[in-house]
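Let's walk through a protein model together, one question at a time. Keep the structure open while you read.

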Amino acid sequence: MATEMEMEMEGFLRECERSGDAAYAALKSLLEKLENPATRSDARVFLARVQQRFHAKDDADRCFRTYNFRIHDVLLHDFQGFQKRKKLTMMVIPSIFIPEDWSFTFYEGINRHPDSIFKDKTVAELGCGNGWISIALAEKWSPLKVYGLDINPRAVKISWINLFLNALDENGCPIYDGEGKTLFDRVEFHESDLLAYCKKNDIQLERIVGCIPQILNPNPEAMSKMITENASEEFLYSLSNYCALQGFVEDQFGLGLIARAVEEGIEVIKPMGIMAADTDISALVEIEKNSHHRFEFFMGLVGDQPICARTAWAYVKSGGRISHALSVYSCQLRQPNQVKTIFEFLRNGFQEVSSSLDLSFDDDSVADEKIPFLAYLASVLKENSFLPYDPPAGSMRFRSLIAGFMKVYHHIPLSADNVTVFPSRSVAIENALQLFSPRLAIVDEHLTRNLPKQWLTSLEIEGTNELEDIITVIEAPRQSDLMIELIKKLKPQVVITGMAQFEAITTSAFENLLNTTGELGARLFLDISDHFELSSLPGSNGVLKYLAGNSLPSHAAILCGLVKNQVYSDLEVAFVISEDESVYTTLPKTVELLEGHTALFSQYYYGCLFHELLAFQLADRHPPAERVCADRNSAKLIGFASSAVSAVNNAELSVTDHKDNLLIHMDVDQSFLPIPSAVKASIFESFARQNMVESDTDVRFGIQQLVRNSYGFPCDGFSEFIFANSQLALFNKLIRCCIQEKGTLLFPLGTNGNCVSVAKFMNANILTVPTQSELGFKLVPDTLASLLGTLTNPWLYLSGPTVNPTGLLYNNKEINEILAVCAKYGARVVIDTSFSGLEFRRDGWEGWNLKNCLSSLTCVNSSFSVSLLGGLSFELLTGGLEFGFLILNEPTLIDAFSTLPSLGRPHSTVKYAIKKLLGLRGQKSQQFFQVMDEQKDILRSRSDCLMKTLQSCGWDVVGCCGGVSMVAKPTAYLGKMLKLDDFSFEAKLDETNFRQAVLKATGLCINSGSWTGIPNYCRLAFALENSEFERALQCITQFKKLVLEN
């Protein structure tokens, strides 16, 4: 028997001596015998004899040089595992990783963890090499399973041999641990590029460790070879020391492979899982030669003076011994399920954003806010092809969360209807004052900073001025007793105040303010921003404590600005709470008229904070306490300003109170076409980035380049660029400038109804310029001149090049003629480009060159100026991400605008995203312009389809050339009777009821002639999601059958 085994060994060694590849083939055959239960014991005894033959260190080294393999003992520093092993038996071959000092150091680092770190856990080791660390982990800590993974197929085969060497004794018998298990039960080895095997087999891990190479291969082409077990020994061995570029920003620091490992780990790591990795630093001379970076090595094992890689290389070549620092990286995922959501989004076509994502935090409170928000944002962007329409009162989800927080934490039974969301506290205050237009208002001195200066300088406090809408604001101290004294003496109609800290704890100061203002019939807006805590343990708040037991009187409302967060400084939204139906139904209309909407992503962010707090609390199991009804016997309250009432009643604002949730909105200026991936990437990156600098958010150059290229608009160093959350917010400030100048604002017949309504709401002096249907309702210079000659301080609003709502285009000749007339009569011209950028029929239209036009004007009145107003939702296809800009070139207008500081500025995250997109446009990104062309093609097709459907249903249609809407006259329907029994509707159809009739009959929202300003002509927006557009066409056909065929 002994002779037979000796002969077998000699044959085995002769085969191994031929070459490294031959040795590997012989070892593979031996592994097959180990895997076969019938031959397993004999094969293990054979390996024991081989080890005995080369037992001494010199013999083992000679075996490695001669026979291309070595079996040696890895000594352990403590007694390992149930068997109290002092060593492991390991085989190595030239083409795989050979354990070095630094790998033992890494194992020692792992060894310092408590026993519970791996006990009964599922573990993966990345880059397992010959498998010794995986086996050592299994032996000591008794994990549930260790998966040793390596990209080198030969390493995996040798690891399996090593598993048999240590799971069986020298006689081939299994070695059992205290739980009656062997290493075979606890360890597996698989060929895998990092965690590919675990991902493919849906293996969820609790611990991930790995000795991962971090040095880029000096020969990058070598790393592109196909990895097979037949590859050269040199190439396979290089896999343990070098890595290829991974496409991560961490590549520049040598951490690219670790970065990819961490990202893959997120997909398979269980909650509370831990990942750790280390680095092999060697052969860095080539990197030092090609970069300014210098690595640190040390002479000997205890040296303390660093030398560079080149010096270290020379020292080693001369027989010296070097050492180097070892870096061990460890990370534990916070909120692992949410982090997985983030990375699933990034893998879905947004890998380029990964370099901006940093989920390491020094402060846990920052992580607790940012990670849930980024996960929610990733879900929204992944699951929605467009941003949904939200009512002007604010996102229903956000308002419901606010109401839920008040109910759960403060026991105040509110509904979402009681909450109105504003872009900021300043905007809420200004809108409230504009809505009521009180003769006299007393405002807390801490809250007047952003009010118009003319309100703060008027002295009309005696009531001698009978003109409506002249607002005088008196500043007052915050202390309640002084505030009450002023209220009693001055008898204001509106009071807006906060509370001192010492007064906010109890209810008495609030009750005194309620009683005093109620007795005088004054409206009270109480600001609780400084005392409102977004916390799971909010402090005592006297106002909220009062509201838990008492309903809010009709004359009072609560104001709260949200700006306190751990992550995004100055990211603000505000909300107003009222229990008076007339107030909480009218306040949202002021948002729609004056601001458009509150930034959606700001609502998302604070909504996540509310959601996390509500998830932290159990629902109240007890019914809410009965509240005392407010005393209704107060003095007569000031009502809404007549100009506001008229504007709100006559404006066709968006429909929000319809019982059917399946409304189709053809009445809003928003695109619901798919948001391009570049836009989604920019939005996500803007919130993912940390440590932004000012240059990252400076959009001035991009805007300047845009208006020059698109419209030839002249702007230089003296031009004033003003940015806001929306185009409408800027326009309402321009209206205020017009009012200050006692000017008259002219609108062509057929202007966007929202712009006209906001001017009426602010009680501006306005005039309509007639237009003709034969000319597409475009402005004619002669008609304009006949009006301008009769006016002092005229202002002209003009939508162009694309006209909203008709979708027609002003050509360069037409705009030149209009501006020539305006220059002659000294009109201030506001050109609104917000609805331009999506011109899909350009036959014969070559765009604008305003610079040439303005420089060629010969008869120019000194008060003439041209201001450019714009938004980027169409130019950059941003959907619901709104951004407004205004460019002023006239000094007196710049000065006037500077007196209106309440303008809400875009947050840095918005400006970052806009700058990224402006950069793509400026660089003429092929992908970006391809998407823009695709959307123009969709709009062209939609306009043709809508026109055909309308014409077949008895409408007269004005064809459009750009934008997202068209106008049409329902000629066949006017004067027809319509009866809807379900809605108690019966009427002869005309301009006053046509919109309501279509809405009630079909659920389709359109704008009527009262919105377009063109008698009987409706506006229909067609940038809808595809299925919604099809439903809209069906509604139009359905209405025809209902009215004309019945």
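**Getting to know the chain**

Q: What share of the 1046 residues in the protein chain is buried?
A: Keep in mind that we're looking at a predicted model. Out of the 1046 residues in the protein chain, the buried ones make up 57%.

Q: How many helices and how many strands does the protein chain have?
A: Both kinds of element turn up in this chain. The count comes to 38 helices and 33 strands.

Q: Which residues touch the most other members of the largest nonpolar core?
A: Nonpolar side chains tend to be buried together in soluble globular proteins. Here, the largest nonpolar core holds 239 residues. The ones touching the most other members are F684, I703 and W955.

Q: How many residues are in the second, separate core?
A: This core includes F12, V45, I71 and L165.

Q: Which residues is W955 in contact with, leaving aside its neighbours within four places in sequence?
A: W955 is one of the core residues that touch the most other members. Contact means that heavy atoms come within 4.5 Å. With the close sequence neighbours left aside, the partners of W955 are L950, A968, K969, P970, T971, Y973, F994, I1006, C1018, L1020 and I1036.

Q: Are α23 and α28 roughly parallel or roughly perpendicular to each other?
A: Two packed helices are described by the angle between their axes and the distance between the axes. For α23 (residues 581-594) and α28 (residues 727-740), the angle is about 85 degrees and the axes are 7 Å apart. Angles from 65 to 115 degrees count as roughly perpendicular. So α23 and α28 are roughly perpendicular.

Q: How many nonpolar, polar and charged residues does the contact of α23 with α28 have?
A: On the α23 side, the contact is made by E592, L593 and L594, while α28 brings L728, A729 and N732. Sorted by class, that gives 4 nonpolar, 1 polar and 1 charged.

Q: Is S602 buried or exposed?
A: You'll find S602 in helix α24 (residues 600-616). Not counting residues up to four places away in sequence, S602 touches L571, E572 and V573. Its relative accessibility is 8%, so S602 counts as buried.

Q: How far apart in space are S695 and Y912, C-alpha to C-alpha?
A: S695 sits in the loop between α26 (677-688) and α27 (700-711). With 46% relative accessibility, S695 counts as partly exposed. In sequence, S695 and Y912 are 217 residues apart, but in space their C-alpha distance is 9.2 Å.

Q: What separates the C-alpha atoms of D933 and E839?
A: D933 belongs to helix α35 (residues 926-952). Its relative accessible area is 43%, so D933 is partly exposed. Along the chain D933 and E839 are 94 residues apart, and the separation of their C-alpha atoms is 9.9 Å.

Q: Where is P801 found, the residue joined to G800 by a cis peptide bond?
A: Most peptide bonds are trans. The one joining G800 and P801 is cis, with omega about 0 degrees. P805 also has a cis bond, coming from N804 with omega near 20 degrees, and P805 lies in the loop between β24 and α31. As for P801, its place is the loop between β24 (794-799) and α31 (812-825).

Q: What is the phi of L194 near?
A: Most residues other than glycine have a negative phi. L194 is in the loop between β5 (187-191) and α9 (196-200), and with a relative accessible area of 9% it is buried. Its phi is positive, near 50 degrees.

Q: Which residues of α36 are buried?
A: Helix α36 (residues 994-1002) is mostly covered, with 7 of its 9 residues buried. The cover includes β30 (977-980), β31 (985-988), β32 (1004-1005), β33 (1018-1021) and α38 (1026-1044). The buried residues are F994, R995, A997, V998, L999, A1001 and T1002.

Terms used: Residues are numbered from 1 along each chain as its sequence is written. This is a predicted model: local features need pLDDT of at least 70, side-chain atom pairs count only at pLDDT 80 or more; totals for chains, interfaces and linings use all residues. Side-chain values use heavy atoms; hydrogens and water are left out. Axes are lines fitted to C-alpha atoms, for helices over the stretch in contact, and angles run from 0 to 180 degrees between N-to-C directions. Helices (H or I, at least four residues) and strands (E, at least two) are DSSP runs, numbered from the N terminus. Angles under 35 degrees count as roughly parallel, over 145 as roughly antiparallel, 65 to 115 as roughly perpendicular and the rest as oblique. Ala, Val, Leu, Ile, Met, Phe, Trp, Tyr, Cys and Pro count as nonpolar, Asp, Glu, Lys and Arg as charged, and the others, Gly among them, as polar. Buried means under 20% relative accessible area, exposed over 50%, partly exposed in between (1.4 Å probe, protein chains only). A nonpolar core is a set of buried Ala, Val, Leu, Ile, Met, Phe, Trp, Tyr and Cys residues joined through side-chain atoms within 4.5 Å.
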